[in-house]
Amino acid sequence: METNLCVAGFGGQGVMTLGKFLASATCDSTDKNVTFFPSYGAEQRGGTANCYVVISDDMIGAPLGDVMDDLIVMNGPSLNKFIVTLKPGGRLFINSSIVKDKIERTDVEIVEAPVTELALEMGNAKVLNVIMLGVYVGYTEVVAPEIVWGTVEHKLGSKPKLLPLNKAAFDKGLEIGRAARK
Amino acid sequence: MARTFMKGSEAVAEAAVRAGCRFFAGYPITPQNEVPEYFSRRLPEVGGTFIQGESEVASINMVYGAASAGVRAMTSSSSPGIALKSEGISYCASARIPMVYANFARGGPGVGSIQPAQMDYFEATKAAGNGGFQMIVLAPSTVQEAVDLTVKAFELADRDRNPVHLLADGVIATMMEPVELPEMMPEEKVAEIRESKKNWALVGHPLDYKNRAWIQPGQWITTKMQECNEEAAAMYESWKTKDVMVEEYKVDDAEIVMTAYGISGRIAKSSVDILRNKGIKVGLIRPITLNPFPTESFEKLDYSKVKAILDVEMSIPAQYATDVEAVVRKRCPVEKCLCSGGNVMSREAVLEAVMKIAGQEA
């Protein structure tokens, strides 16, 4: 069993961090093989950024596949660029706050979450990636939600002030992801 | 031992420190900037020295100097930066200085692209500088292997008094993967290697003209230069019997044998079982040492059964394939599955290439 995930969005949306949280959680708490591979241009903010996470019971070939099982898109350009890589029956997670395009494909599962708006409602635009991480984990359970949260908690260890906000963000995402499963 | 989730470039730097490396000089270049960044933080913690040189040329010569004083020393760069270091590398080889340098290769030629590639095979294995010297060239295909081979590189360098080259690529540099790191070498051992095992090193021997240490990147007397080269040649020859490292995966009954090194090697390996499930008898020869070349792995193939060998390589034109062709000597066709310029080898392309040879539709 191998899961290929691509997370794509604007630089600054926390796309890399989302991928790293998920991959680190897999490394820390399972026996599975896992890789994280970042891909971005020279810019830090405003350009496009995407990363690949592969989680597998077997050895992993390329840390970036041609065909994605799962795709998280945080902005419009990412949807247009990566939708073709999603396999039939694949799972598409959309930041519906800013991705307004109609999805032409009917052969994929679609989970929509307005993570930009939700983050703003929570008082910090930066947690949109943690909400989306919750959505993804809640929907797919590729790694147990407690394990993923444990890793986020550990990584934020030096900034304990941020924990309650991130926990609320993660839980909000989980709720949306789990509800979408039903 | 616990797994740590690490970026390849940082894992290589940590492995080097744990193997006793106490000097690093380098100059930034994508995609391996995390190597100097990591060393800059880590080396002062263990009493080592990090220098960001003013150029690649300066950096390699700083390594030349530090290693001449017996310290385990390293530099790293990416393709065009490695080319700039070639003079210093050749001097180290001529002066028989043990040092380790890593190339996290990117697209070429010239400034090329900043994305991963395997276009420095010839440079690494045939002519890393002037003068026909050779080095052991190690090609990791995973972050774990990059860690293990970094440790090995320092051991081999000291054993031979010769530079050792770690030829990785931009994927290995930037990807993160779980690794088990080696134990930290105790400080006494680090000191012992420098002080008692390197009687040639410039560590400030007493003023004893007869027995003084002497480091020299060349000889003024031609007969002496020839002797040095003969001695080096004998050492290069000895690697062929004692230092070849290769992974052979499901080769025994294979009718199609893929061969690939580094990042392409792991992509090819992950294709083997997918293809076997389709009934195609395929295997893989993955060199871990590019020099010495794993000649025996190709010699022992049963060419009455092997239909073709498929070179999988991120270089156009193919480079590694020419060494494969030289050892296969037309006993079967050597087909190629190539990409270049910063594009990472696609497993779909590998599957398609094998299926085409097998006469199956993709």
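I note here that the model is predicted: local features need pLDDT of at least 70, side-chain atom pairs count only at pLDDT 80 or more, and totals for chains, interfaces and linings use all residues. Residues are numbered from 1 along each chain as its sequence is written, chains are lettered from A and ligands numbered from 1 in the order in which they are written, and side-chain values use heavy atoms, with hydrogens and water left out.

I searched the whole structure and found 3 cavities of 30 Å³ or more. The largest cavity holds about 40 Å³ of space. On a 1 Å grid over the protein atoms alone, a cavity is a set of points where a 1.4 Å probe fits but cannot get out; a pocket is an open set with protein on both sides within 12 Å along at least five of seven lines; lining residues have an atom within 4 Å of a point. Grid points are joined across faces, edges and corners, and a volume is the space filled by probe spheres set on the points.

I listed the lining of the largest cavity as Ala105(B), Ala117(B), Gln118(B), Leu167(B), Ala168(B), Asp169(B), Tyr261(B), Gly262(B) and Ile263(B). Strand E7 (164–169) and helix H11 (262–276) of chain B are the elements that give two or more residues to this lining. The largest share, 3 residues, comes from E7(B). Helices (H or I, at least four residues) and strands (E, at least two) are DSSP runs, numbered from the N terminus.

**Entry 1. The largest pocket.** I then turned to the largest pocket, which holds about 1000 Å³ of space. Of its 32 lining residues, Gly12(A), Gly14(A), Val15(A), Thr17(A) and Asn129(A) are the closest to its centre. Among the elements of chain A that give two or more residues to this lining are helix H1 (15–29), strand E2 (33–40) and helix H6 (163–181). H1(A) supplies the largest share, 5 residues. By type the lining of the largest pocket divides into 13 nonpolar, 12 polar and 7 charged.

**Entry 2. Salt bridges.** I counted 32 salt bridges over all chains. A salt bridge is a side-chain nitrogen of Lys or Arg within 4 Å of a carboxyl oxygen of Asp or Glu.

I looked up Asp323(B) and found a salt bridge with Lys126(B), the closest N and O atoms being 2.6 Å apart. This pair links distant parts of the chain, 197 residues apart: Asp323(B) is in helix H13 (residues 320–328) of chain B, and Lys126(B) is in the loop between helix H6 (121–125) and strand E6 (136–138) of chain B. Asp323(B) counts as buried at 16% relative accessibility, whereas Lys126(B) is partly exposed at 40%. Buried means under 20% relative accessible area, exposed over 50%, and partly exposed in between (1.4 Å probe, protein chains only).

Arg159(B) forms a salt bridge with Asp243(B), with the closest N and O atoms 2.6 Å apart. Arg159(B) lies in helix H7 (residues 143–160) and Asp243(B) in the loop between helix H10 (222–242) and strand E9 (246–249), all of chain B, so the pair ties together parts that are 84 residues apart in sequence. Arg159(B) is partly exposed at 41%, and Asp243(B) is buried at 10%.

The side chains of Arg42(B) and Glu45(B) also meet in a salt bridge (3.0 Å, N to O). Arg42(B) is buried at 15%, but Glu45(B) is exposed at 57%. I traced a network of salt bridges that links Glu14(B), Arg18(B), Arg42(B) and Glu45(B).

**Entry 3. Strand E1 of chain A.** Is strand E1 of chain A largely enclosed or exposed? The strand (residues 2–10) is largely enclosed by the rest of the structure, because 7 of its 9 residues are buried. E1(A) and E3(A) run antiparallel and are joined by 9 bridges; Cys6(A) has Tyr52(A) as its bridge partner in E3(A). E1(A) runs parallel to strand E4 (residues 68–73) of chain A, with 4 bridges between them, and Val7(A) is partnered there by Ile72(A). Two strands pair if DSSP finds at least two bridges between them.

Methods:
Nonpolar A, V, L, I, M, F, W, Y, C, P; charged D, E, K, R; others polar.
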